[in-house]
Every structure is written in C-alpha cells, then in structure tokens.
2 protein chains.
Amino acid sequence: MELKPISERFVLHWGEMGSRWGVNRTVAQIHALLYLAGRPMEAEEITQTLGVARSNVSTSLKELLSWKLVRIVHLRGDRRDHFETSTDVWELFKLIVEGRRQREIDPTIQVLKSCLDSPDLEAEDPSTLTRIRETLDFIEILTAWADEMLRLKPETLMKTLGLGAKISQTLRRNSAD
Amino acid sequence: MELKPISERFVLHWGEMGSRWGVNRTVAQIHALLYLAGRPMEAEEITQTLGVARSNVSTSLKELLSWKLVRIVHLRGDRRDHFETSTDVWELFKLIVEGRRQREIDPTIQVLKSCLDSPDLEAEDPSTLTRIRETLDFIEILTAWADEMLRLKPETLMKTLGLGAKISQTLRRNSAD
DNA sequence: ATATTTTTTCTTTTTATTCTGAAATTTCCG
DNA sequence: CGGAAATTTCAGAATAAAAAGAAAAAATAT
C-alpha cells in the first residue's frame, strides 16, 4: 500500500509522539497505520508501506498484541496472519491507559509501598517519609479516578464534568454501557 | 548529602519511570531528589548526591526550570543559586500536565488540523479523513477535560467524581480556590 | 513426508540519546 | 578593575535503544 500524503504525515507524526512518550517509533507508526487503514493488514504489507525491516514489524506487532491494541484476524483463502486495531478512539484510549497502568503505575505503587514498609525507616527524615506517603496516596487516588472515568461511557463523563455543550459526534457514537 | 537507602530507592525508581515516559533520567532523579529533600539545594550538592557530572546537573536543572517544576532561590550569605521544587503533589501534577500539553499535545493538534486543512484532501480515503477528524475531536475534548479537572481544587474534583469516601489527608490539605 | 511460504528469533549494525570533562563564559566580590 | 567562584556550553565518549539482516523455526500446502 502506498501511503498518501496526509496519511503519511499522520503516521510519521504519531511515530514522533510515541518516541516522546516512551513508545518505540515503529510500534507507534504501525498502530497509526492500522488505525488509519481501518482494515486488517498483513505484516509484509505493513513492511512495504512503512519501509522498515520485516523483523522489526514482527517484533512491533508482538508488542502491540501484548498491549491488546492490535488483534490477529484471518481472511478467507489467505493463510497469513492479518492485523487490525480498533477505530474507536475512546476504546483505544482506554486500552492505552490500562496498559500503562499495569506496566508502570502498579510497579511504582509497589516500590512506594515497599519504601514505606522498609526496615530502614528510622534512618530517614520523617518529612521525607511523609512525602513518599503523599506521593503514594496521590497515585492511588489518581488511578482510582482513572478507573472511574474509564468505566463511564463518554457522554456520561462529559455530563459529569460539565462539558455537555462540547460533546461531539465523535464520542457520542459508540456507547452502550 | 548522602542519600539514605529509602530515599535512594525512591530517586532511582523515579529516574527509571522518567525514562519510560520520555523524561531524561537525570532530570527525573534531580526532581525526585529536590522533592524528597524539601529544601533548596545547590548544584554541586546535587552533583555529589547523585554522582553525575556537574554539567549534566546544570543542563537538567535548566530543563526543570523551563518546565517550571523547579525554581531558583538564594540563601543569605551564599552567592550560589539554590534550587527547590514544590512539595505539593497536586501542584506538581498540574505543572507536569500543563508542560506536556504545551510541548506535545498542542503541536499534535496543529498537525491534525493541518492534515484536515490540506490541499491533498481529495487523494485520501474519506474514512481515513473521518478517523483523523475523530482523533482531533477526541484530543480536543480530552484537553478540555484536563483543563476542567486541573482548575478544580482536589476535594471538589473528588466529590464530582463520586470518590468522596476515598479522599485523603494528602489532597485535602492544600486547597484555596 | 517434503517443499514452500510465513513468521520469529537472534546477532550485528546503525542510530539516537545521555553523559562527561574541558574550556569558555558569566557573576560577583574585594 | 583583577581574580576567584560559579555556571554554562560544547565536542566527544559512553551507553542504550532501535532497526536490519541472516538464519532458524513454524505452519501449511501438495
């Protein structure tokens, strides 16, 4: 597939943004490509379209699969794996937040808890310990917020936050809970 | 200053987390150190404590200053710059979100707008353009949410989100708006 | 079963980032 | 003004991350 100018701009920019947020550029590009394509693509086609190594695509797809951002589908009469992602931005957002939470936030919470549950507690300045506790509290509260928000359907959330007027067709469309 | 075991664990972990979110490790470590210290420190002391090059500290502090996460203070009878950060987690969070918004979200919005305002529009698949538009809508709505949330004082936000019961001393303390 | 296609793994190369150390610059004190 | 202290800049070294390419493995067809 030959990328048209606007699609290319989108995909390349997404790759850049990925880098800035700690996501491998190729991983981000592949996801952007599948998102824009809106249809399953096989690895070789992705390889050609992005102009990267086949092995790189394989590795990156594995990562996207592990984050549940991409799934494998099969097309009739084609033995190759095809890959697709959701075109629902709200669903994608939820998956991304959930993934980062599991991979980064939860481990951080564990570290902070182990800090506050350490035998070396007396050695530390009490105000330091207070700040570590405040940090832990804050992160736990924040993840609780996030849980609440992600559970809501978008339009409920909009209303809750008093943004009713700004609700767009985009988010209004996909809602079932 | 010699880092005590728990502080060291915190600072090193914060550095790791920074890396995963696209923040230079030294930058994150310095911020963590100033946060735990809860007092102004001069660059040389930071250098010694973290065991990195003086120049690295200088560069990293400049970055933290540009993000408004750290400010310079002067101590009586000491001509050197001293650096301190807020110990208010909510305030820090707001500064971090605001910074990333300016540096990454706003430029992305510009790119998406320019995509949708391009002379090459006809060449693209209409469904692709729809998805780009949906992405733009989503990001704009999300930043509007974030603006709303960050404007609230923490306790109001808790109540709004129905998390009243979980509100902690941590966030209850610093509220004036 | 064997050959072919497809996918994955693994090592090497390349690229990008981070960090250092030396030199240059700035600040500010007597 | 000097001149010492403090800070910044910058070129190069070290490190880490990303990507490529070759080889192995797996899957599927004949």
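Start by selecting DNA strand D in this predicted model and show what lies around it: 19 residues, of which Val52(A), Ala53(A), Ser55(A), Ser55(B) and Asp81(B) come nearest. Next, colour by element. Two or more residues of this surface come from each of helix H2 (25–37) and H4 of chain A, and from each of helix H3 (43–50) and H4 of chain B. Which helix gives the most to the surface near DNA strand D? Select H4(B), and you will have the four residues that put it in that place. If you switch to colouring by residue class, the surface near DNA strand D shows eight charged, eight polar and three nonpolar residues.

Now move over to DNA strand C. Here, too, you can pick out 19 surrounding residues, and the closest are Ser55(A), Thr26(B), Val52(B), Ala53(B) and Ser55(B). For the elements behind this surface, highlight helix H3 (43–50) and helix H4 (54–66) in chain A, then helix H2 (25–37) and helix H4 (54–66) in chain B; each supplies at least two residues. H4(A) gives the most to the surface near DNA strand C, with four residues. Sorted by class, the surface near DNA strand C holds eight polar, eight charged and three nonpolar residues.

Leave the DNA for a moment and turn to the sheet of chain A. Select its three strands and trace the order E1-E3-E2: the sheet is open, and its pairing is antiparallel.

Zoom in on E1(A) and strand E3 (residues 82–85) of chain A, where two bridges join the strands in the antiparallel sense. Pick Glu42(A) here, and you will find His82(A) of E3(A) standing opposite. Then bring H2(A) back into view: this helix lies across E1, E2 and E3 of chain A and runs at about 80 degrees to E3(A).

For the last stop, select Pro5(A), which sits in helix H1 (residues 5–20) of chain A. What does Pro5(A) touch, leaving aside residues up to four places away in sequence? Show chain B, and the partners are Asp120(B) and Ala123(B). Pro5(A) counts as partly exposed because it has 14 C-beta neighbours inside 10 Å.

Technical notes
Residues numbered from 1 in each chain as written. Chains lettered and ligands numbered in written order. Predicted model: local features only at pLDDT ≥ 70, side-chain atom pairs only at ≥ 80, totals over all residues. Near = placed C-beta within 6 Å. Nonpolar A, V, L, I, M, F, W, Y, C, P; charged D, E, K, R; others polar. Pairing = 2+ DSSP bridges. Contact = placed C-beta atoms within 7 Å. Axes fitted to C-alpha atoms, helices over the stretch in contact; angles between N-to-C directions. Buried ≥ 20, exposed ≤ 12 C-beta atoms within 10 Å, placed from the backbone.
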